[in-house]
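Student: Could you walk me through reading a structure, one feature at a time? I'd like the general idea and then the case here.

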Amino acid sequence: MFRLFIFFIIVSFPILGYTPGKWSHKDAYIFKKVKKVPNKEIVRNAEGQVIYVAEYEYNSDGKLIAETYSDKEGKGDGKTTFRYTDGLLTSEEVYDNGGHLVERKDFQFKGRALKKMNVKDAEGKLVMVYSIESDGDGNVFAAEGKNLETKDTESFRFEIDPKRPNVQIQFLTDDKKKGLGEIHFKFDPKGNLVEREFFQGENRRVHKLKYKADGSLESHSFHVKQGDNWILEKTHVLVYD
C-alpha cells in the first residue's frame, strides 16, 4: 500500500517548502528563494562510510533543476530532474542509472498555490492523484491522496501543539479517518526545523537537523529507537561552494 508518509509542510515558519512524494530539505530550493544552496550532499552510514552522493544543479533563478546520484563506489545511480514554468514547478522526473524514466510527477497550481499532483509510472500510467491545500508561498496545510490501483485513500492535516507552540503535529489518517501515525516537527527560536519525530504504533524514529552560524543547513541525521536507546542509521552532510 502506498503510504502518505511522504508529505511535509511548514504552516507558520516560512523557511522550507514542500515536495510531494518525499520530504527533503531541498524543498526550499524548489519552492522558495534561498540565498545559499549546497552543490553536493554526502551520505554516510553509522560507521562513517560513504554510501551515497548526490550532486545538485540550479537554474539562473536559483531553483533546483537536477539531482545526480552515485553509489558508494562512485558509479552513477540515476538522477531526478525538475521543470518550471514562470517560476513554478511543473514536473519532477526520476530516472534510473540507465537513463530510463522511472516515475513522473505533474504539478498543478491555482495562482501560485499548489492544488494537485499526479503521479505516473514509467509507461505514463496515472497511479496516484493528490488533492492539496496550500498557499502561494509553497506551504501545504493538508492533502489527500488516492491510489488508483488499490483505491486506498489516505490524508494528512497539520495542527500546532497547544502545549508546545514551537511544535507542529502532522496527523496521518486512512479513508475511514483512522489514525496511521504522527510526525512532530520541532523548531528552534530562529524558526529552524531541528527535529522531526515519527510515531507509528510502537515504532519511533527521529530526524535531526544541524545548522551553521549563517543559518544554512550543515547536516541532518536519521535515528531509530531500539528499546531505550536511539541508534544512528545515517548522516547527510551538505557541501557548499
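Student: Which way do strands β3 and β4 run, and how many bridges join them?

Tutor: Helices (H or I, at least four residues) and strands (E, at least two) are DSSP runs, numbered from the N terminus. Two strands pair if DSSP finds at least two bridges between them. Here β3 (residues 64–71) and β4 (residues 76–85) run antiparallel, joined by four bridges. For one example, Ala66 has Thr81 in β4 as its bridge partner. This is a predicted model, by the way: local features need pLDDT of at least 70, side-chain atom pairs count only at pLDDT 80 or more, and totals for chains, interfaces and linings use all residues. Residues are numbered from 1 along each chain as its sequence is written, and side-chain values use heavy atoms, with hydrogens and water left out.

Student: What lies between β3 and β4?

Tutor: Four residues, and the two strands form a hairpin. Look for Gly74 in that turn: its phi is positive, about 85°.

Student: And which strand does β4 pair with through seven bridges?

Tutor: That's β5 (residues 88–95), again an antiparallel pairing. Arg83, for instance, has Ser91 in β5 as its bridge partner. β4 and β5 also form a hairpin, with two residues between them, and Asp86 in the turn has a positive phi of about 55°.

Student: How do side chains sit along a strand?

Tutor: In a regular strand they alternate between the two faces of the sheet.

Student: Which residues touch the most other members of the largest nonpolar core?

Tutor: First, the idea: a nonpolar core is a set of buried Ala, Val, Leu, Ile, Met, Phe, Trp, Tyr and Cys residues joined through side-chain atoms within 4.5 Å. Buried means under 20% relative accessible area, exposed over 50%, and partly exposed in between (1.4 Å probe, protein chains only). In this model the largest core has 35 residues, and Ile30, Leu64, Leu89 and Ile132 touch the most other members. Take Leu64: leaving aside neighbours within four places in sequence, its contacts (heavy atoms within 4.5 Å) include Tyr29, Ile30, Phe82 and Tyr84.

Student: What about charged residues?

Tutor: Side chains of opposite charge can pair when their charged atoms come close. We call it a salt bridge when a side-chain nitrogen of Lys or Arg is within 4 Å of a carboxyl oxygen of Asp or Glu. A search of the whole structure finds 12 of them.

Student: Which residue forms a salt bridge with Glu93?

Tutor: Arg104 does, with the closest N and O atoms 2.3 Å apart. Arg104 lies in strand β6 and Glu93 in β5, so the pair ties together parts that are 11 residues apart in sequence. Glu93 counts as buried because its relative accessibility is 6%, while Arg104, at 26%, counts as partly exposed.

Student: Why does Asp106 count as buried?

Tutor: Because its relative accessibility is 14%. Asp106 lies in β6 (residues 101–110) and forms a salt bridge with Arg104, the closest N and O atoms being 2.7 Å apart. The Asp106 side chain also makes a polar contact with the side chain of Lys120 (3.4 Å). Polar contact means a pair of N or O atoms within 3.5 Å; within protein, one must be able to donate a hydrogen and the other to accept it, and residues adjacent in sequence count only if both atoms are side-chain atoms.

Student: Which residues are linked in the salt-bridge network?

Tutor: Glu93, Arg104, Asp106 and Lys120.
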